[in-house]
Amino acid sequence: MSDRTDRVRGPLAPSTGVQRPLGIDDVEIEGGPFGRWQRINREAGIPLGLEQMEKSGAVPNLRLAAGEGAGSFQGFRFQDSDLYKQLEAVAWEHGRLPDDGYRAFVSETAALLARAQRPDGYLNSHYQMVKPDKIWTELEYSHEMYCAGHLIQAAVAAARAGLGDELPAVARRFADLLVQRFLVDGDDAIDGHAEVETALVELYRLTGEGSYLELARKLIDNRGRGLIAETGLGPLYAQDHLPVREADTAVGHAVRQLYLEAGVVDVAVETGDETLLACSVRRWEDLVATKTAITGGHGSRHDGEAFGERYELPPDRAYNESCAAIASIHWNWRLLLATGHGRYADLIERTLYNAFAASTSADGVRFFYVNPLQRRADLFEDAYLGRRREWFACACCPPNIMRLVASLGHYVATTGDDGVSVHQYVPGTIRAGGITLAVETDYPWDGRVRFTVRDTPGGEWTLKLRVPAWSAPGELTPNADGYAEIRRDWRAGDTFTLDLDMTPRLVLPHRRIDALRGCAAIERGPLVYCFEQIDQDGDLEDLALTPDSRLRAVERDLPGVGRTVLIEADAVRLPPSPPDGLPYGGPPTSLPARTPATAVAVPYYQWDNRDGGVMRVWTPLA
Ligand SMILES: [Zn+2]
């Protein structure tokens, strides 16, 4: 199968756009947090995931569908999607560092899927084994197209990682069935969980088959027209309340909305539909301004795993599903490629280092599904709060995390018409169109990033470096897109050093976020910080920051956490207030006694690697 956007060995290969992505093998990550995450993903995460594919029933279910095993179906109706995301993770990991074991897993699994697939191309072990008479009849919650989407994305990864045609052939048979039923035969149904749209566009990019793009466009245009049957969760839940071109704010199930947006941008880019792109950008601006956690997380409500209303951003009840962080990165990456604007790379960075990175333990084998910004002492809430876990009954997050970590190199740099743009600062090597750059940095612990040109085709070209919104630009004046442009007749051996401002910052919330009023948080570079009880002298709940708290960065190697930079903050300790009647009263007649104290903050992504104690990102200001 030939890739019409050949040479891009990564998840996304748009045929047009301001920036062109690089493949995962064009960027070698050598150290830093990204390098560490890739190493533990390979050594610990993916092996755990492969083990779970058997234990959780994902592979045994497909054996049943192939008529090969005994027992009964296990898990959810979307259980197949765990396996597809695991396949995608393995494929990208193979593309990064080839491995015969990975090749065998993809090949054997593709063969199993081919045996389980019906002659007409349909493939879903739950519906084949449990509800064969309900196929395509309960799309409001069946996830049949959602699972097809993850199969297609795994197949695209296999094709681009050089893992043969077996998996792509299975995916194409299913995609062709979708085209026949939902495009050619005119069935107007859509899936309750968006995902297949972005996958179909990528399959179009891989194969050049226009009907996949046509179907993706139709599915997007059909959403918001009441085609999804009532599930008791209401039309907002699945973004079926308004046509995509009319909706002005993100609503409902956060992961569904964000995967939908990825598909919207993909279709807009491939069809040249500027108004469709503009409506996604409009929702992005609203979402960032009113519904985004400081960590980049999305989803304020446990009920429905959903977005809240504007400025509804509770720290303790925040849902911030790990999958929502991944979907947000997917959407922002598409917008960055389409427009070249650095604000999308800024949000990718914020999300990667905070909402996303916090999902995984330092040893790579425990995961959060929900990523709140505060953990109280009681810990009685839902089982998904509390501590990270090895796996989940609904295991959408762990294999999703693994596929993103394996493909992180794709999100570092791009090429445009005139050189190389660097969006994320990681030590390693970037190869782009005859240009090879070595990147040396201790980012995000240190703000210095040194580029050395190892190879150049000759002539002038521009090195574009993102100047994050949090950093004072210093001597570099970023362009309107947020990038410093260094245009030169570069020669091999030339260097350029970028210095970003890593002074710790006190950050205050917008006044309309009621749940955070009177609180402050700490950031340094791209990292959001939190306080954990284990690092404090005395009760964390009695500590407060002040508007002029001095913040000091201190490098440490913490047992269980690893290398880090802590922030020591000048704070005050307020008197403990034991329960005494209602927790309300009139204005105080005098200020409470306060004593000077030091509060110690750790990067949010490194929390919950020691004990299960109290944690908070947002801390009262005294
Ligand atoms: Zn998830």
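1. Basis. Residues are numbered from 1 along each chain as its sequence is written. The model is predicted, so that local features need pLDDT of at least 70 and side-chain atom pairs count only at pLDDT 80 or more, while totals for chains, interfaces and linings use all residues; side-chain values use heavy atoms, with hydrogens and water left out.

2. Sheet. An open antiparallel sheet is formed by 5 strands in the order β2-β6-β7-β8-β11 (strands are DSSP runs of E, at least two residues, and helices runs of H or I, at least four, numbered from the N terminus; a pair needs at least two DSSP bridges). Because β2 (27–29) and β11 (495–499) each have a single partner strand, one side of each is left without a neighbour in the sheet.

3. Strands β7 (residues 435–441) and β8 (residues 448–455) run antiparallel and are joined by 6 bridges. Glutamate 440 stands opposite arginine 450 in β8.

4. The structure holds 3 cavities of 30 Å³ or more (a cavity is a set of points on a 1 Å grid over the protein atoms alone where a 1.4 Å probe fits but cannot get out, and lining residues have an atom within 4 Å of a point; a volume is the space filled by probe spheres set on points joined across faces, edges and corners). Of its 15 lining residues, Pro11, Glu88, Gln153, Arg334 and Arg403 are the closest to the centre. Helix α13 gives the most to this lining, with 3 residues.

5. Second largest cavity. Its volume is about 60 Å³, and its lining includes His241, Thr249 and Arg283.

Technical notes
1 Å grid on protein atoms, 1.4 Å probe; cavity = no way out; pocket = protein on both sides within 12 Å on 5 of 7 lines; lining within 4 Å.
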